[in-house]
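The sequence and the coordinates come first.

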Amino acid sequence: QLHLVESGGGLVQPGGSLRLSCGGSGFTLDDYAIGWFRQAPGKEREGVSCISRSGTSSKYSDSVKGRFTISRDNTKVYLQMDNLKTEDTAVYYCAADKYFYCPGPDEYDYWGPGIQVTVSS
């Protein structure tokens with residue numbers, strides 16, 4: 001059974017930073033393009049960032065551009081979140097796709113269970 005697991009969430013004050021990690025259980029992430037998504041209460045799921053299998057290409061939503069950085073190594077994908085705002089509060093999910101770079105959310109093969117990020121003073 002293949003699983004993704006997110007870690008690194010929590011409570012942080014506005015202006016603070018968190019680094020989320022996405023790891024794979026039962027498979028190696030380097031065979032997959034990875035996307036980060038988030039969903040706040042009462043809102044639709046939003047694509048945040050995505051990275052290619054090689055790590056040489058990445059994209060960001062306008063709402064996080066310049067504040068979030070996606071990266072990867074051989075085993076994990078990271079989302080460095082700086083200058084966090086209250087509107088970044090959401091459950092964050094990572095997702096893996098074996099064939100396409102930054103596909104639509106319905107195209108991803110695997111999803112993690114999600115992790116809470118709360119930005120509050």
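## A charge over a ring

The charged end of Lys-98 sits over the ring of Tyr-32, 5.0 Å from the ring centre. A charge counts as over a ring if NZ of Lys or CZ of Arg is within 6 Å of the ring centre and within 35 degrees of the ring normal. Arg-45 also places its charged end over a ring, that of Phe-37, at 5.9 Å from the centre.

The model is predicted: local features need pLDDT of at least 70, side-chain atom pairs count only at pLDDT 80 or more, and totals for chains, interfaces and linings use all residues. Residues are numbered from 1 along each chain as its sequence is written, and side-chain values use heavy atoms, with hydrogens and water left out.

## Overall fold

The protein chain has 0 helices and 11 strands; helices (H or I, at least four residues) and strands (E, at least two) are DSSP runs, numbered from the N terminus. Its pattern along the sequence is β-β-β-β-β-β-β-β-β-β-β.

For 121 residues, a compact globule would have a radius of gyration near 14 Å, and the 13 Å of the protein chain agrees with this. The radius is taken over C-alpha atoms, and the globule rule is 2.2 Å times the number of residues to the power 0.38. Along the principal axes, the C-alpha atoms fill a box of roughly 40 × 30 × 25 Å. Of the 121 residues, 41% count as buried (buried means under 20% relative accessible area, exposed over 50%, partly exposed in between, with a 1.4 Å probe and protein chains only). Among contacts (heavy atoms within 4.5 Å) between residues at least 6 apart in sequence, 58% join residues at least 24 apart.

## Aromatic pairs

The structure holds 7 aromatic pairs. Rings of Phe, Tyr and Trp (its six-membered ring) pair if their centres lie within 6.5 Å; planes under 30 degrees apart count as stacked, over 60 as edge-to-face and the rest as tilted. Phe-27 and Tyr-32 form an edge-to-face pair, with 5.0 Å centre to centre and 75° between the planes. Both Phe-27 and Tyr-32 are buried.

Phe-37 and Tyr-108 are also edge-to-face, at 5.4 Å centre to centre and 85° between the planes. This pair links distant parts of the chain: Phe-37 is in strand β4 (residues 33–39) and Tyr-108 in the loop between β9 (90–97) and β10 (110–111), 71 residues apart. Phe-37 and Tyr-108 are buried. Together with Tyr-93 and Trp-111, Phe-37 and Tyr-108 form one aromatic cluster.

## Disulfides

A search of the whole structure finds 2 disulfides, each a pair of cysteine sulfur atoms within 2.5 Å. With bonded cysteines counted along the chain, the pattern is 1-3, 2-4.

The sulfur atoms of Cys-22 and Cys-94 are 2.2 Å apart. The torsion about its S-S bond is about 70°, so the disulfide of Cys-22 and Cys-94 is right-handed. Cys-22 is buried at a relative accessible area of 0%, and Cys-94 is buried with a value of 0%.

The other disulfide joins Cys-50 to Cys-102, with an S to S distance of 1.8 Å. Its 105° about the S-S bond makes the link of Cys-50 and Cys-102 right-handed. Cys-50 is in strand β5 and Cys-102 in the loop between β9 and β10, 52 residues apart. Both Cys-50 and Cys-102 are buried.

## Nonpolar cores

In soluble globular proteins, nonpolar side chains tend to be buried together. A nonpolar core here is a set of buried Ala, Val, Leu, Ile, Met, Phe, Trp, Tyr and Cys residues joined through side-chain atoms within 4.5 Å. The largest core has 27 residues, of which Trp-36, Leu-79, Met-81 and Tyr-92 touch the most other members. The elements giving two or more residues to this core are β3 (18–25), β4, β5 (46–51), β7 (68–72), β8 (76–81), β9 and β11 (115–119). The largest share, 4 residues, comes from β9.

Apart from this core lies another, of 5 residues, among them Phe-37, Cys-50, Cys-102 and Tyr-108.
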